[in-house]
Amino acid sequence: MPMWVALANGGQMRGQSRTGDAVVRIVKCRHGGDVSMSPMQLNWDIFCRVIDNYGDIGICWRLARQLVREHGKRVRLWVDDLHSLQPLCPDIDASLTAQRCQGVEIHQWPIAVAVDRVGDVIIEAFACELPASWLEAMAAATVKPCWINLEYLTAEPWADGCHGMASPHPSLPLVKYFFFPGFSAMTGGLLRERNLLAIRDVDVASSPSRDSLEISLFCYDSAPVGELIDVLADSPIPVRLHVAPGQPLVAVAACLGGSGPWRRGNLSVVPFEFLPHDDYDRLLWRCDINFVRGEDSFVRAQWAARPFIWQPYRQADQAHLDKLDAFLVRYIAGMSATCATVTVALFQAWNSGTGLRRAWESFLDVRSEFTSHNRCWADNLSENPDLAAALVKFCSTKV
């Protein structure tokens with residue numbers, strides 16, 4: 001199989017990554033012989049290249065923490081831009097080339113990286129392409145590491161068939177496996193920490209009651225933010241809009257002027273600073289409606305079990321609309337016909353920039369059912385293995 005693997009929808013997956021010596025546990029059998037157990041795969045290397053947003057590093061940071069906390073792995077996270085990680089993890093020092101935080105070894109990934117050792121599992125996040133020196137070290141290892149390309153999340157049906165696909169390197173004795181997060185048991189599942197939903201429920205139960213509608217806004221600059229502000233300002237009940245920094249805040253400031261907070265009609269607009277992951281999760285849990293984007297906040301909004309509106313990352317060939325449609329097909333299953341129609345219209349209005357007012361008004365009419373559906377949706381998703389556990393299990397079979 002070539003390193004470039006053609007997908008059923010005409011897309012492509014990339015290949016290449018690195019390896020390290022596996023650790024094998026040797027135990028004495030009852031009769032005095034040595035029995036080689038399955039590799040412990042203790043040492044993991046995760047490589048992440050920050051493109052233009054915080055989603056890639058956000059996913060890798062969550063995964064690295066969970067592998068350490070829940071699976072006892074030794075994880076090195078290699079990042080080419082530590083300044084993008086710092087807002088999500090304020091405890092790190094972006095000027096350091098190596099440090100430890102929350103049990104994870106965090107390394108600056110320079111253009112030329114020296115190879116001291118390679119892990120038992122190598123995760124090449126989102127086809128970031130490993131350095132040639134690392135590939136050579138992987139190929140030279142006596143026991144080849146398990147090499148994973150962690151793909152982007154999609155609900156498109158072809159991902160089920162491509163999950164776990166192997167791609168041998170064209171010139172080195174290495175095999176890379178494509179690991180797809182997803183919404184079905186045939187994929188790698190979604191990132192979900194142990195007891196996350198129970199912790200969520202305790203947090204929500206302790207939240208004070210309120211009369212206002214709380215909404216969080218995290219979007220790309222192509223979202224119809226101005227129209228949303230106009231719609232919310234006309235709300236019959238008070239609305240508090242929590243605006244994330246970066247593109248969302250820039251869009252809001254362009255509409256309202258100044259730096260906030262703002263007030264227009266029945267709408268209060270409150271900017272918030274970058275939040276560490278756990279704090280952002282709590283914001284999603286406590287808001288009544290969440291506007292989210294990309295992948296990381298999209299997944300966390302689903303675990304929040306609250307109504308959400310998703311904006312996928314915009315692509316030049318409009319492939320993001322295929323991803324949106326594929327998700328909606330899965331997501332609206334089980335809704336009433338009316339709620340399903342309203343849901344599709346709202347998501348499409350937010351992503352197209354047309355018809356948002358009418359879609360929002362229709363959404364408010366079915367909000368109760370929409371809320372109930374999201375709780376069932378999160379519960380059903382939680383029946384699948386979480387992404388970290390699925391990765392650990394998958395890699396243990398590839399040695």
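This briefing covers the strands, helices and nonpolar cores of one structure. It is a predicted model: local features need pLDDT of at least 70, side-chain atom pairs count only at pLDDT 80 or more, and totals for chains, interfaces and linings use all residues. Residues are numbered from 1 along each chain as its sequence is written, and side-chain values use heavy atoms, with hydrogens and water left out. Helices (H or I, at least four residues) and strands (E, at least two) are DSSP runs, numbered from the N terminus.

- Axes are lines fitted to C-alpha atoms, for helices over the stretch in contact, and angles run from 0 to 180 degrees between N-to-C directions.
- β6 (residues 74-79) and β8 (residues 104-108) run parallel, joined by four bridges. Arg76 has Glu105 as its bridge partner in β8.

- Five of the five residues of β10 are buried, so the strand is largely enclosed by the rest of the structure. Buried means under 20% relative accessible area, exposed over 50%, partly exposed in between (1.4 Å probe, protein chains only).
- Cys146, Ile148 and Leu150 point one way from β10, and Trp147 and Asn149 the other way.
- Five bridges join β9 to β10 in parallel. Ile123 stands opposite Ile148.
- Four bridges join β10 to β12 (residues 175-179), also in parallel. In β12, Ile148 has Tyr177 as its bridge partner.
- β9, helix α3 (residues 132-140) and β10 make a right-handed β-α-β unit. Right-handed means that, with the strands pointing away from the viewer, the path from the first strand over the helix to the second runs clockwise.

- β13 (residues 213-217) runs parallel to β17 over three bridges. Ser216 has Asn290 as its bridge partner.
- β17 pairs with β18 (residues 308-311) in the parallel sense over four bridges. Asn290 stands opposite Phe308 in β18.
- The chain crosses from β17 through α9 to β18, and this β-α-β crossover is right-handed.

**Helix packing**

- The axes of α5 (residues 196-205) and α9 (residues 296-304) come within 10 Å and cross at roughly 65°.
- Leu196, Leu197 and Arg200 of α5 meet Arg300, Trp303 and Ala304 of α9 (contact means heavy atoms within 4.5 Å).

**Nonpolar cores**

- The largest nonpolar core has 67 residues, of which Leu217, Phe327, Trp350 and Trp360 touch the most other members. A nonpolar core is a set of buried Ala, Val, Leu, Ile, Met, Phe, Trp, Tyr and Cys residues joined through side-chain atoms within 4.5 Å.
- Helix α11 (residues 337-352) gives the largest share of this core, seven residues.
- Leu217 touches residues including Val225, Leu241, Phe291 and Trp350.
- Another core, of 41 residues, lies apart from it, with Val50, Val75, Leu150 and Phe179 among its members.

Methods. Two strands pair if DSSP finds at least two bridges between them. Lists of a residue's contacts leave out its neighbours within four places in sequence.
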